[in-house]
Amino acid sequence: MAVLPKMKETMEYILALRNASLEDPIAKLDDTALERLRNPPREPVVIDSPSIRHSISSYLALEHTSQEAYNRIQRSTKLNFAGAAGVDEILSFYSVEKIIAQYTGVESIKHDMCPKSCLAFTGPFAALESCPMCDTSWWDQARLRATNGHTKEVLADLTQTGEIPVFDDIAMGHDTIGAVLDGDIKENDIVLMVSLDGAQLYESKQSDCWMYIWVVVNLSPDKRYRKAHVHPGGFIPGPNKPKNLDSFLVIGLHHLAALQNEGLVIWDSSRDVTFTSDLYLIFTTADGPGLVYWDGMVGHSGKNGCRVYCSVLGRCKPNGTHYYPALLKPLGQCAPGSDHPDISTETGITRLPLILGLKPSCCLGIPHCNLSDLLVALWRGTIDCGVTDDVATWDWAILQDADTWSAHGESTWEFQLHTFGLGPALLYNVLPEPYWMNYCKLVRGFQLMCQHSITVQHIREAQELLCTWEYKFEHLYYRRRQDRIHFIRPCIHQTNHLIAETVQKGPPICYAQWTMERTIGNLGQEIRQPACPYANLSQEGVRRCQVNTLLSIMPELDEPAKLLPAGAVDLGDGFALLRKRDKYTFSPVGGAAQAILNYLGDGCPLPCIKQMFKPLDQTRMSRNVKVRFGEVLYFIRLSVQADFDDEHDWCWQDVAVVQLFSLPNADLLRLSLHTIISCSKLEEICVIDVKQVLSVVAMIPHNPRLPAGLMEEGERFFMLEKPRLDLSNVGIMNNILDDDDDGADVE
């Protein structure tokens, strides 16, 4: 029955959202703000005053510096340009922030909260003067004493072919397409995603807080996640963890609900058209623990802890209360409620989710890991070992020895790049084969699902890999032992939902928490005064929204795009050649000379070129490019005759001289499920057009014992691609370098 009062409180918030209006007290909008929202400006913002323009330009240029820096620039300008037109009217820091707020309409909205971060005094708590959870007064006692578009193309393809061959954006997900077909998302509507997360502002100081951001999904993927288009939504000071997060989140959601009820009036300057846009909340995202604040479910340790409402019930140890999503029934006498052989259909909802208060047609619904820590804990033998278990029997704990850990793991487990890139090669012939092969299934499945563009074929392959990995993981590590059931953490089960979520919502990369984490880092770096970090963070968030809005209204105030460095040549299509690096020209010799002559054809003289050689230990990995895999020795511009009938018609051919790697070892490639692409460097050198380079990769030295049991002479290299790029096709293939007719890109 203790849950009922919490449900009653949440229900009051939900009803407030259902009937939200911009004039509600919680909105705290004055008459000017209301008028601007309902009747937006219908003409471009024009700044005729040079003093105001200079003030705003200086403010933007000094965005990451202190207020004192702006004041010094202001004083220096007035001193050195005395008598100049408008110099005496340069704005103060306070005045320039005020006028930017007037131009953009972006202002902060503040609500009182418990000093210990328990809750915000909103909704059912609005009239209280002390926190009902800790009985702390909300008054500042010291101060009191002192003062008293992409979706149309998808639909067209879907109508024509009946399927979606590639998933490369949220617009490809069945949920978004369904909302468009149902008329919930219309042409002029704004589609939003909100992301919530906690943050620690300082590593060595208690500085925990919470924040959420808004992402405009209408923008193309190459723009929507950039700093200029991510809008901070709210900040919840710490350092204590909020006990009622709904009381904080309701403020931003109330504003959204009010705009959903009334519509947002927009003037489109490019078309000189005014229209009313509906706001559609498509995703509410957070990390695993944070999702409970959006979906109202039990925590990840609850019996029904799956974030996507699947029917898998958790299991607990005898006399335990922590549930784990183990698929296999433990041996022996199970704890009550953990002996189920079949899947149940119960859900794990403990309270009403706040977003139920939004308009049903304007919200997609409640959305549905850290595997690295779990795997490392298992392989190092540092995970909790039950009293009836023995670490000495863990044949998978191969990194317990300090030297082995240093050689194969210590520097590799900080980032996703290492877990899902380097791991298979580093642990080959180190981790026992059954465990290593199962690990390769996980890595390959994740690599497929972390691409920007995921084909149907890749989805099917990943589904088979991840499903079999989950079952095999339980057989290998858990082995139906009740004292090992804690090995089955929620992140193990979550991998099984990646496929269905991709089909429903689009590639996971489009709604992952990376944007939120980057925003936390950016805003944290901009805090200059450690004395009041939460107030400063909030102010930086308001400033970020104001600057982003101002630059969208007046893009001429933005810094011009960075130009290429001096001496560089723009080749188009995103390619550029940097300036020549050698001091002196030279004539190529050996294999490079022959490759250039073969490229130019008979009768052409060998050119003199400039280049830069480096020994292997100083070679930047960006020189290894995906041209069937090869190391770029140097880039050159060749002067060739464009028209053989006109001896005066010459043009530049921009090429790369590449030393090729061999095709991957086929046995190791198959054994590792394409997670280890092991090649040796050849003496073969070729010349290719620079635009045939598909991507930059790292070729990392290693000396594995190949599946045939032999150690090959000479150093081998395994290929590592940057995560979240489309994967290389490294199956058994023909060497198209031998085909001079098609000129296709080389793998």
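Modeller: Lys186 and Asp278 form a salt bridge, with their closest N and O atoms 3.0 Å apart. Because Lys186 lies in the loop between helix H8 (174-181) and S2, and Asp278 in the loop between strand S6 (273-277) and strand S7 (279-285), the pair ties together parts that are 92 residues apart in sequence. The model is a predicted one, in which local features need pLDDT of at least 70 and side-chain atom pairs count only at pLDDT 80 or more, whereas totals for chains, interfaces and linings use all residues. Residues are numbered from 1 along each chain as its sequence is written, and side-chain values use heavy atoms, with hydrogens and water left out.

A salt bridge here is a side-chain nitrogen of Lys or Arg within 4 Å of a carboxyl oxygen of Asp or Glu. Helices (H or I, at least four residues) and strands (E, at least two) are DSSP runs, numbered from the N terminus.

Lys186 also forms a salt bridge with Asp189, where the closest N and O atoms are 3.2 Å apart. For exposure, buried means under 20% relative accessible area, exposed means over 50%, and partly exposed lies in between (1.4 Å probe, protein chains only). Lys186 is partly exposed, at a relative accessible area of 41%. Of its two partners, Asp189 is buried with a relative accessible area of 3%, and Asp278 is partly exposed with 21%.

S2 (residues 190-200) is also the strand that holds Ser195. Ser195 counts as buried, at 5% relative accessibility. The side chain of Ser195 makes a polar contact of 2.6 Å with the side chain of Gln513, and another, of 3.2 Å, with that of Thr285. A polar contact is a pair of N or O atoms within 3.5 Å; within protein, one must be able to donate a hydrogen and the other to accept it, and residues adjacent in sequence count only if both atoms are side-chain atoms. Apart from neighbours within four places in sequence, Ser195 is in contact (heavy atoms within 4.5 Å) with Met211, Tyr212, Ile213, Thr285, Gln513 and Met516.

The salt-bridge rule gives a count of 20. One of them joins Arg479 to Asp395, with the closest N and O atoms 3.4 Å apart. Arg479 lies in the loop between helix H16 (456-478) and helix H17 (490-494), and Asp395 in the loop between helix H12 (371-380) and helix H13 (402-408), so this pair ties together parts that are 84 residues apart in sequence. Both ends are partly exposed: Arg479 has a relative accessible area of 34%, and Asp395 has 40%. A network of salt bridges links Asp389, Arg481, Asp483 and Arg484.

Strand S18 (residues 716-720) is mostly covered, with five of its five residues buried. In a regular strand, side chains alternate between the two faces of the sheet. In S18, Arg716, Phe718 and Leu720 point one way and Phe717 and Met719 the other. Two strands pair if DSSP finds at least two bridges between them. S18 pairs in the antiparallel sense with strand S17 (residues 698-702) over five bridges, and Ala698 has Leu720 as its bridge partner. Three bridges join S18 to strand S16 (residues 678-689), also antiparallel, with Ser680 opposite Arg716.

Gly105, which follows H5, has a positive phi, near 75°.

Pro25 is found in the loop between helix H1 (3-18) and helix H2 (31-38), and it is exposed, with a relative accessible area of 72%. The C-alpha atoms of Pro25 and Gly123 are separated by 9.9 Å, although the two are 98 residues apart along the chain.

For the chain overall, the secondary structure comes to 22 helices and 18 strands. Buried residues make up 46% of the 747 residues. The chain exposes about 38000 Å², of which carbon and sulfur atoms supply 52%; accessible areas come from the Shrake-Rupley method with a 1.4 Å probe, and for residues only the protein chains shown count as cover.
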